[in-house]
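Please examine the sequence and the model shown below.

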Amino acid sequence: MKKHPRLPRHVAVIMDGNGRWAKQRDLPRISGHMEGIHSVRDVVEASGELGIAFLTLYTFSKENWNRPKTEVSALMSLLVKTFHEEISELDRNNVRFNVIGCIDDLPEETRNKMLQGIEQTKENTGLTLTLALSYGSRIEITEAVKSICRDVAEGSLSPEDVNEALISSRLYTADMPDPDLLIRTSGELRISNFLLWQIAYSELYVTPKFWPDFRKKDYLEAINSYLNRERRFGKVSEQLNP
């Protein structure tokens, strides 16, 4: 599979079900998030082995700030602890670390750790691992529109200059391709305000497994499902396979 010519270049994942995984086991919700770290390791490792260029993980949404303060605080602490344990290994494996979202919302220690990881791994040329933190796609698109409006008002752009490529260039993901495959765990059939512009033509893969149970073999099954699909981008099969 590693050398398959149709491997997805960019895989995005909505890591859902940590809390329900914990609830099923009468454990505190944070236990599900802690167990989910093992799944992150598996998916990152598999992505590197396969030669996938970009992996984006929906880690904490803008809406997640509305959760109980104790859970949010525990999540931020877990993020710092995990980063401290994992960043050197990521660096050794040539992984480039990246973050998208409203970074200024994060607690100072968390924000500084994320920026440290970006700086430490910026020269790496392997997998780009992106965490979406305090991320919301509607806000991302709104900020892109504001940026374009300012340029139009200042006269450096005209309305006729505005096209899809320009809008894409103003998004958090300007330096990466759109996701080829979007994976969602826990069986929920919704996008949850994640990469709304970027996933216009992404293949969707939903599994009933909660994120802490989603491991390497499950990820490979998702990749295999993708490889067996025909991506038409509005065309018909006969145009793709004359």
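L57 stands opposite L131 in β4, and two strands count as paired if DSSP finds at least two bridges between them. Helices (H or I, at least four residues) and strands (E, at least two) are DSSP runs, numbered from the N terminus. Strand β2, residues 54–61, is joined to β4 by seven bridges, and the two run parallel. This is a predicted model, in which local features need pLDDT of at least 70 and side-chain atom pairs count only at pLDDT 80 or more, while totals for chains, interfaces and linings use all residues. Residues are numbered from 1 along each chain as its sequence is written, and side-chain values use heavy atoms, with hydrogens and water left out.

L131 is also the bridge partner of V99. Five bridges join β3 (residues 96–100) to β4, again in parallel. How many residues of β4 are buried? In this strand, which covers residues 128–135, eight of eight residues are buried, that is, under 20% relative accessible area with a 1.4 Å probe and protein chains only. Between β3 and β4 comes helix α4 (residues 108–120), and the three make a left-handed β-α-β unit; a crossover is right-handed if, with the strands pointing away from the viewer, the path from the first strand over the helix to the second runs clockwise.

The largest pocket comes next. A pocket is an open set of points on a 1 Å grid over the protein atoms alone, where a 1.4 Å probe fits, with protein on both sides within 12 Å along at least five of seven lines; lining residues have an atom within 4 Å of a point. The largest pocket is lined by 48 residues, of which M15, V40, L57, T59 and W211 lie nearest its centre. Among the elements that each supply at least two lining residues are β2 and β4, whereas α3 gives the most, with ten.

Notes: Buried means under 20% relative accessible area, exposed over 50%, partly exposed in between (1.4 Å probe, protein chains only).
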